[in-house]
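Visitor: Hello! Could you show me how to read the features of a structure like this one?
Guide: Gladly. Let us look at it together.

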Amino acid sequence: MARQKLLQINVPGISFAIGCIILFEIAARAGWLTSYVPPPSVIFAALFQGLIDGEISSQIGATLQAYFIGLGLATCLAVLLGILMGTYRPVFDAFKMIVEFMRPVPSVAMIPLAILFLGLGAQMRVAVITYAAFWPLLISTLYGVRGIDPLALDVARNFGIQGAEALWRVTLPSALTGIMTGFRVSATIALVVTVTTELVAGNSGIGFYISQMEQANRLPPMYAAIILTGILGFLLNAIFFQLDRRIVFWTPAAQDKPA
Amino acid sequence: MSMTTRAIAARRQALDTTRTIPDGGRTLQGTILSVSTVVLALALWELVARQMHSVYVPSVTQIAVTFYHEWFSPTFKEQAVPSLWRMACGYLIAGFCGVTLGVIIGYFRFMFRLLDPVLQYLRATPPTAIIPVGILLLGIGDLMKILVIAFGAFWPILINSADGARLVPRERLDTARIFGLTQMETLRRVVIPSALPQIAAGLRTGLAIAFILIVVSEMIGSTNGLGYYILQAQRTFAIPEMYGGVVLLAILGFLLNSLFVFGESKVLGWHYGQTARTR
Amino acid sequence: MIVEREIILEVAALQKRYANGTLAIQEITLDVRKSEFASIVGPSGAGKTTLLKTICALLAPTAGQVMLHGKPIVEPPPEMILVFQDYARSLFPWLTVMGNVIFPLKKRSDISKSEKENLCREAIKAVGLERFSNYYPWQLSGGMQQRVALARAIAFRPEILLLDEPFASVDALTRADLEDLTLRLRADFDITMLLVTHDIDEAVYLSDRVFVLSPPPSVLVAEIPIPLAQPRDQIRTRSDQKFLELRNRIHKMIGKPKEQVLAEDEEHALATAALELNKTPS
């Protein structure tokens, strides 16, 4: 029991997961599931195949490219506006209502609009991704800035650090916990929106590949791509979680120990 | 419970993206400023639209008129109601299953450990990627959309409910044991009320996801509904209608969120009081 | 004159080892008599909380037994109620004071509803919170919250009340109030009390007997009768010569292993005895 904790590998959990896949395999091969659902072994073979011969791997590049550009843009804009809104009351008041009205619009509703102005390419997708990732990050940044201990800014002012410099050197680091949390949420949303835009109206990327395979009735590659999106999501979550811990290393949660 | 567990709980609360903007200290000048920027933005749009004479950028007045015509007419019943209906069904299924299963998983710790890797993988899968499978297995009818919505909204509800049940302070569970409560009684009278704030957060996120999924599933595989309407409008170059649809979505989203917050304040009034105190 | 009261709680050769292998309690044997106020003191980490939790069967002992009225305990018995140190986390924030106090009674089908409410009202009154029945716990101060926890335990009318450092999280003035409240409750409701604390003065002030624990793995180092006059008073009792002697004696025992304490305390006992001989009887 103690040794298991040391290794930090969830043996029962992983065994259960593997068990599920095996059960799935048996069920599919025995014909208990509809013919529309191939056995996992076939799906994994297609995944492997697609990765090696480039059919799937080429699409990954397109997806990730749109993803990171959109996420990056959203981060810069959201953090900037969030810090300004959180620090200066007039800025907050000015944009408050606009934010409240635009927030509840689901990003996917913007897809037709984006198609209108930007056609059916990567640009359109980046625009929608940026829009989607922007809002959670903005709100989190606002909360992060609001939650700053005013003492920190007073200390800074004592040492002659004010204005833009204070924003960069004091406000931003202090709000970083909130910002990082918001970033992780935005990162998740960004992936969903990336895949979604590719599905609905894309011409490249994993989502586009999925819809293509569905139309061509090539089911194993289709499922393979769907599984891949899950894997991608899982990996990105893990990467950003580690990033969070390392960037905001001073909080107790990052150090994983009692206060 | 160590600080770590409490910190994690605080993080999970921070991960709730549907919180309202922290808006203390409202002033009259502030409100005037807020309203004026909105008015200014709309006026700017109007001016630019009239200058441009572009089909792609209809004026605000044009959009408003179209909006009035479209949505105060049978179109609402034909397009908006099916969307809301499908969303409601899917959301309720997800809510019921998610909360029940979540609380059970969270309370019986071994179950949580067992299911964790599978849950982590499934929740990382974009629910929209499931839509093609749904279409394949169920066609493009109501059932497909309802199940896709249920699938998507299920995960945040499940995970948040499990978290809420898992993070009940040890002392409360011990208190229940000391006073001789059975497992069922403990679940009902201690665990669920304790977990309610976290469950509510999950339900709110689930609602946002349900909203997104109804639009997407109608864009991809439907013959009616708001998602279908907006995409069709774009394809047939009925541009003011398209904008009108987006505006309707915004209004619906706003209303749904407000309704939720209102309901939450009724049930969770004690929680707001408590967290305000501990600030 | 100490009347020999019957023993109602027996802890026999209790041992507790944590899941990670650490031995918290090596061997503890003690008993508690009816209506008495007993305290357990020890250094931090001595496993005092663990001991209380094992006594009321929240935790299972690795060896040994706990017996209530001669019968071994396996499940938390209704006759024995534990009051936690962290009141904020043991009270239910979605219930009012009244709601919290009546909570454990709700499942009792043998008492009528009005009877339950009477019990609760009596308990709330006994702890001095009649005006706050409809408040939520988080609207009250720390001391008041601990009173709610006490009222909740009292309303259940247990035979024995186990108190786990209940006053550690409140300020000194409130602590004095709560100590006296506990003594009053014990007198009014005739409840046997077993208190665990790191505060020696508090233990001596409140108790009829004090048990001293060694550092972990804990054993019982000493059992000290406290023959101070009743009723106790914060000022009079605490300035009594005997009080100071007792608390100093216990102070010297804290943190030392059993053998050392026995050796040192023998001397101290002899020395005190010698002093007594030279004084005129009072």
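Guide: Two residues are in contact if their C-beta atoms, placed from the backbone, lie within 7 Å. Domain bounds come from an automatic or database domain assignment. This is a predicted model, in which local features need pLDDT of at least 70 and side-chain atom pairs count only at pLDDT 80 or more, while totals for chains, interfaces and linings use all residues. Residues are numbered from 1 along each chain as its sequence is written, and chains are lettered from A and ligands numbered from 1 in the order in which they are written.

Visitor: Into which domains is chain B divided?
Guide: Domain 1 covers 25–56 and domain 2 covers 58–277. Taken over C-alpha atoms, the centres of these two domains of chain B are 32 Å apart.

Visitor: How many residues of domain 1 of chain B are in contact with domain 2 of chain B?
Guide: In domain 1 of chain B, 7 residues touch 6 residues of domain 2 of chain B. On the domain 1 side, 5 are nonpolar, none is polar and 2 are charged. Here Ala, Val, Leu, Ile, Met, Phe, Trp, Tyr, Cys and Pro count as nonpolar, Asp, Glu, Lys and Arg as charged, and the others, Gly among them, as polar.

Visitor: How many helices and strands are there in chain B?
Guide: Helices (H or I, at least four residues) and strands (E, at least two) are DSSP runs, numbered from the N terminus. Chain B has 12 helices and 0 strands, whereas chain C has 10 helices and 10 strands.

Visitor: Why is chain C said to be as compact as a globular protein of its length?
Guide: The radius of gyration is taken over C-alpha atoms, and the globule rule is 2.2 Å times the number of residues to the power 0.38. For the 282 residues of chain C the rule gives 19 Å, and the radius of gyration is 20 Å, close to that value, so chain C is as compact as a globular protein of that length.

Visitor: Is C:F84 buried or exposed?
Guide: A residue is buried if 20 or more other C-beta atoms lie within 10 Å of its own, exposed if 12 or fewer, and partly exposed in between, with C-beta atoms placed from the backbone. C:F84 has 27 other C-beta atoms within 10 Å, so C:F84 is buried. Buried residues make up 39% of chain C.

Visitor: Where is C:F84 found, and what is it in contact with?
Guide: C:F84 lies in the loop between strand 6 (80–83) and helix 2 (87–90) of chain C. Leaving aside neighbours within four places in sequence, its contacts are B:E171, C:S90, C:A149 and C:D164.
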